[in-house]
Amino acid sequence: MLSPAELRRRYERIREEVGPGVTVVVATKYVSVPELAALVDAGIEVVGENRAQDLEAKHAEYGDAFRWHFIGRLQSNKVKVVNRICELVHSLDTHSAARRLEVPALVQVNLAGEGTKGGVAPEELPGYLAYGIRGLSTMPPAADDPEASRPWFRRLRELAAEHGLEELSMGTTQDYRVAADEGATLVRVGSVLFR
């Protein structure tokens, strides 16, 4: 793990790159419980966790040191944990989880129809609007060139506008700058911060 000073420098650079209207969510999937202390010292504000078990363990240790987001596949039997800890879910993609969820959520849309990724098809989105969702998220197909993500981000922004949704979680380490250009309100970064 890098020093808190180096983490802070990288975090501030990313925040400058995306601008003041974008929340930087630090993905902590590969950050151990003890290593989170460096994130506290670096002034990281929002963390995103992929697994409910890890979320519970990390929250038990660090509590209100962070604002907690859930960014992984949400199983309906894990919703209780998320309801208790998180302020936002980025990855809602089942009605069973939506019915149990008490915190604001973004529906994950699988724009490319990739079988290996979660998310609903764009035509399924209207069925989720009754849950009072706050916005949309997506993970475009992996690509070496960040510009390859731009059409997917643009499509998600258009889809959100069609349904009157304002929050957009899109962009990760490889393409967060492009996502910010295309209207992201949240970006998720990990390795760009830690390596």
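This is a predicted model: local features need pLDDT of at least 70, side-chain atom pairs count only at pLDDT 80 or more; totals for chains, interfaces and linings use all residues.
R150 is buried, with a relative accessible area of 16%. D181 lies in helix α7 (residues 176-181) and R150 in helix α6 (residues 150-162), so the bridge ties together parts that are 31 residues apart in sequence. The structure holds 17 salt bridges.

- E182 is buried, at a relative accessible area of 5%, whereas R157 is partly exposed at 32%.
- Through shared partners, salt bridges join E147, R150, R154, R157, D181 and E182 into one network.

**Salt bridge between R15 and E45**

- The side chains of R15 and E45 form a salt bridge, at 3.3 Å from N to O.
- This pair links distant parts of the chain, 30 residues apart: R15 is in helix α1 (residues 4-18), and E45 is in the loop between α2 (36-42) and β2 (46-49).
- R15 is partly exposed, with a relative accessible area of 31%; E45 is also partly exposed, at 36%.

**A buried arginine without a salt bridge**

- R188 belongs to strand β8 (residues 186-189).
- R188 is buried but has no salt bridge, and the nearest side chain of opposite charge, D175, is 7.4 Å away.
- Residues touching R188, leaving out those up to four places away in sequence, include V25, I71, H90, T138 and M139.
- The contacts of R188 also include S169, M170, G171, T172 and T173.

**Nonpolar cores**

- The largest nonpolar core has 58 residues, and L39 and L136 have the most contacts inside it.
- Beyond its neighbours within four places in sequence, L39 contacts M1, L7, V26, T28, V31, I44, V47, F66 and F194.
- Another core, of 5 residues, lies apart from the largest one; among its members are V25, V46, L88 and L186.

**Largest pocket**

- The largest pocket holds about 1000 Å³ of space.
- Its lining has 34 residues, of which A27, K29, Y30, N50 and I71 lie nearest the centre.
- Helix α3 (52-62), strand β8 and helix α8 (191-194) each supply at least two residues of that lining.
- I71, one of the residues nearest the pocket centre, is also in contact with R188.

Notes
Residues are numbered from 1 along each chain as its sequence is written. Side-chain values use heavy atoms; hydrogens and water are left out. A nonpolar core is a set of buried Ala, Val, Leu, Ile, Met, Phe, Trp, Tyr and Cys residues joined through side-chain atoms within 4.5 Å. Buried means under 20% relative accessible area, exposed over 50%, partly exposed in between (1.4 Å probe, protein chains only). Contact means heavy atoms within 4.5 Å. Helices (H or I, at least four residues) and strands (E, at least two) are DSSP runs, numbered from the N terminus. Lys and Arg count as positive and Asp and Glu as negative; His and the chain ends are not counted. A salt bridge is a side-chain nitrogen of Lys or Arg within 4 Å of a carboxyl oxygen of Asp or Glu. On a 1 Å grid over the protein atoms alone, a cavity is a set of points where a 1.4 Å probe fits but cannot get out, and a pocket is an open set with protein on both sides within 12 Å along at least five of seven lines; lining residues have an atom within 4 Å of a point. Grid points are joined across faces, edges and corners, and a volume is the space filled by probe spheres set on the points.
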